[in-house]
Amino acid sequence: MTEDTGALTPAVFHILLALVDGPLHGYAIMQAVERSAGSSLSVGPGTIYGCLQRMEESGFVRAVETADARRRRAYALLPRGRKALETEAGRVARLARIVRAKKLVTGEA
Amino acid sequence: MEPSTFRWSCAVYRRLLAVLPADFRGRFGDDMTEDFREMLAPRAAGRPVRGRLACWRRALADLLATRRDQRLARRSPRVIVPERRWPVPALLMDLRYAARALARTPGYVAVTVVILALGIGANTAIFSLVDAALFRPLPVADPDRLVAIYEGIPQVGLPKIGASAPDVLDFEAMQRSFDGLAAFRNREVELSGRGESERVMSARISASLLPLLGVGPAVGRNFTPAEDQPGAAVAIISYGLWQRRFGGAADVLGRKIIVDREPLEIVGVMPAFFRFPLRGPLENNEPADLFVPMAFTPFERQARGMMFNLSLLGRLKPGVTLAAARTEFGLIAPRVEANYPPEIRATGFHLAFTLSPFRDDLTGDARRPLLVLLGAVGLVLLVACANVANLVLSRAAGRAREMGLRVALGASRRRLLQVLVAESAILAGLGGGLGLLLARWSLGAARSFLPANLPGAGDVGLDARVLAFTVGLSLATALVFGFAPLVTTRATQISETLREGGGRTTAGRRRQRVQAGLVVSTVALAVVLLVGAGLLMRSFARLTATDAGFDPNGVLTMSLVLPPQAYDKADRVRAFVAEVHDAMAALPGVATASLSTALPLAGNEHRAFTAEGSDTAPTSTAATWVDGDYFTTFGIHVVRGRPLGAGDSQDAQRVAVVNEALARRYWRGQDPIGKRIKWGIPASQMPWMTVVGVVADVHDASLAAEPAMHVYVPYDQAADAAIEDRVTNFYRTLSVAFRTVSDPAALAPAALGAIRRLDPSLPVTDVRTMRERVSASVAAQRLMASLLAGFAIVALLLAAVGLYGVLALAVAQRRAEIGVRMALGAPRGQVVGLIVKRGMRLTAAGLALGLVAAVGAARLLSSLLYRTTPGDLPTFLAVPLVLALVALAATALPALRASRIDPIQALRSE
């Protein structure tokens, strides 16, 4: 029952993270996720849109029309998504503190 | 950058999107292709081939992953973050788990639910009957302080009769125990005017009645005391009549309603819940649609010693007990007697009073049979519970390994039991639901079989009270059989079960003992029910086989009431009676016809009379005024002398025919023909009537009651003043009967047509064959006997099923043992004997227990039995025999199965 822990899947976490600074379209999100997750997470268009679809259904993000020449949709963060991200970030920070306290990792992450 | 290559790559990618679900592709396909193009561009710029390959590899992996994710999501919607939900209550989870476990064994569920539904349904139906009759609050305010008051003249054989008008007026003036007294009396009236004329039940009520009951009209007002006097043409109607006859019109007040061809002004409408008079065993018990003021006539006010036909109610003053009121009425009695004429007092006349709580008065004799029914149906539920408990245990035996495994895997015993109880709850819930449907259906079917005077008979139905009862019963049932497995399991034994499995462990033996006990008690309960049913059926058979003294076959009867307004003069009434008689007699197929003031089994007028030359005190007798060939029509045997006939006209000699009971009592050893009798006390001014014939005794009141004394008088010789009396309308309330040579019911339309030709607006009601009347008169006994028989059959079947189940399980579990026996040379007969012996041992134990209990239970029935003793030998012999035969049949199948066990297979499977 992983849902019970309240953890977000890594992809969702990084997508939310990417949208904090403002609405982005698919490829931009992909690039941002690549930057923030590094090689630990390999995402393609399908993964991104699959996640976005579920996140939209959960009220985390919403699609917005953009002035983009190719009329692609961009995705904007909603309050609920920000809240989930904050909760998850807090959890990760807590985990990080514990990990550091146990001296599993040295130095600043 | 070569756009053409990109275009080609993008086209291929787009084709590949086909692996994704269509809706996903439709929504994101374009964006994905765009993104792919952007992915491709920077990589291709640097290292064309390698970059492109890496890009393709990543895109393909992503496509396949997306395809998998989308498919999974379709099967079970995935939640990326769970909603904050309350944890699913453990009970709900148990229920869910139990439901799944049950769904795997639909046969078991079906059998269990049907058994429970039978038990719960029967209980619900009977409870709703009993509740309507005994428990439900009366539709009046504070019913516990209402007291029914009856008069009595014990020395003339009338210990409990209604009150007469002058006595009621005396009570009102003298008594101090009650806040008020109110009288009422049923009377059928003709309703005409708008639409078809019809006969409806009405009630004359004191103006004080509604305040006394604490129920006022929903619309309009009660009668004023001034209207409670002769001449006030006002009426209050029931809610039902308002809806039916006036379509619930808002302006009904002040409208006229034609009652017995007299216009009455409607001053009030009663609320829908109001039913009065309430059904019960005594007189004046038919809910009325129309209420008119009591308005005693001058004749009624001075009719001392006559017309004891009013029902009287009083509401006890606060602080006054019933006992105190009884004492007060004892003291009042001599003062009331002092107001009687001296010639009546000279006969040694004394008044007696019966004061009883209104509720008891309504339930009367119905209380005991209803409680017996409730008890019997409770036994049926016990049988059902025992049976289901047995099934649950058998199932538990089959699941011993599963349970053991669960314990071994860490399930707490408590949790296991919770799941078992949850299973019981589901089964009981389903059983209760189905039972409710069964009850609804059977009540609908039974409604026409309910005795008309059963208290609350009109209001039997599934209301909130009954529903609550059913829910409670289902829960209780679930507890009873749900805990059965608990008795037989212990945590330590469960692990033992796991090791050894099957029925040879301690737990298995314990379970078998409990199951045997359940079968024995089922058999015992079935015996009790069978004995009860047997006794009641024997009693019913004797009752219906009673020679009623008349021949009900081939007789059609109907009833009519002549409105006093149209039939005001005695001659007019006599003429109409003669016309109707002649019209009936002239119908093709009619042998003889008669009109009379009463029919056999329909209740008779009782009158005090005096026999000439007799020194015994005056007594009362049933009295019927008859026109036409009454005795021939009803097949009543004329023992001596002659029947009444056309010659006994108004101006001829006053004559009467008496029954044998009367002749025996007054003229034992003498010839009754020529003796003289007269109505009233020796000093009465009534003319002497000469006895011209003696007829056989007829069971007048009911088949079960011994025939009482009866006098038959020519209708034409009734006094003019009596016929013209408008208060009771006694002589204008007539029963028409004729004997046919063919099917009597077929003549009904012709008879109704003939009467309509004589008076087009006269309603004719209650058109029934005499056989139907006889049958209706024993409706209560028939209902009782057939219900108990039904219960007994259900119990018997359940006992057989239980026995079969236990034996079948035993055979299954002893397969190996039986195999060994047979391998060692035991003949098949011996194996059969083994199982049969076990079955018979259980049966015998149940029989013995049941017979002991039945002896006790039968005593409870004794007051309901007619010419049958509670220890009726044939019943007590037949029941064990039937039960033994059924038990033998139930054991036969498992026994045969045991004998067919193949020893080799049985041993190999070990």
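**A walk through a predicted two-chain model**

Let's start with a stretch to treat with care: over residues 78-85 of chain B, pLDDT stays under 50, and the model has 16 contacts there beyond four places in sequence. Here pLDDT is the predictor's confidence in each residue, from 0 to 100, and two residues are in contact if their C-beta atoms, placed from the backbone, lie within 7 Å. Where pLDDT is low, the predicted coordinates should not be read in detail. Chain B as a whole has a mean pLDDT of 86, with 94% of its residues at 70 or more. The model's scores are ipTM 0.83 and pTM 0.72.

A word on the ground rules. This is a predicted model, in which local features need pLDDT of at least 70 and side-chain atom pairs count only at pLDDT 80 or more, while totals for chains, interfaces and linings use all residues. Residues are numbered from 1 along each chain as its sequence is written, and chains are lettered from A and ligands numbered from 1 in the order in which they are written.

Now for the place where the chains touch. Chain A brings 23 residues to the contact and chain B brings 23 residues. On the chain A side, the elements that give two or more residues are α2 (26-37) and α3 (45-57). Helices (H or I, at least four residues) and strands (E, at least two) are DSSP runs, numbered from the N terminus. It is α3(A) that gives the most to this side, with seven residues.

Staying with chain A, look for its open sheet of three strands, in the order β1-β3-β2 with antiparallel pairing. Two strands pair if DSSP finds at least two bridges between them. The edges are β1 (24-25) and β2 (61-65) of chain A, each pairing on one side only. Between β2(A) and the antiparallel strand β3 (residues 73-77) of chain A there are five bridges; in β3(A), A:Leu77 is the bridge partner of A:Val61. Helix α1 (residues 10-19) of chain A packs on this sheet, touching β1, β2 and β3 of chain A, and its direction makes about 90° with that of β3(A). Axes are lines fitted to C-alpha atoms, for helices over the stretch in contact, and angles run from 0 to 180 degrees between N-to-C directions.

A residue is buried if 20 or more other C-beta atoms lie within 10 Å of its own, exposed if 12 or fewer, and partly exposed in between, with C-beta atoms placed from the backbone. Strand β17 (residues 655-659) of chain B pairs with β19(B) in the parallel sense over five bridges, and B:Asn659 has B:Val695 as its bridge partner in β19(B). Strand β16 (residues 638-641) of chain B pairs with β19(B) in the antiparallel sense over three bridges, with B:Gly641 opposite B:Gly693. Strand β18 (residues 676-679) of chain B also runs antiparallel to β19(B), joined by two bridges.

B:Asn659 turns up again among the contacts of B:His710, which also include B:Thr621 and B:Asp700. B:His710 lies in strand β20 (residues 710-714) of chain B, and counts as buried because it has 23 C-beta neighbours inside 10 Å. B:His606 is 104 residues away from B:His710 in sequence, yet their C-alpha atoms are 8.9 Å apart.

Some backbone details deserve a stop too. The peptide bond from B:Phe276 to B:Pro277 is cis, with omega near -10°. B:Leu601 is not a glycine but has a positive phi of about 70°; B:Leu601 is buried, with 22 other C-beta atoms within 10 Å. B:Asp766, also not a glycine, has a positive phi of about 60°, but counts as partly exposed, with 15 C-beta neighbours inside 10 Å.
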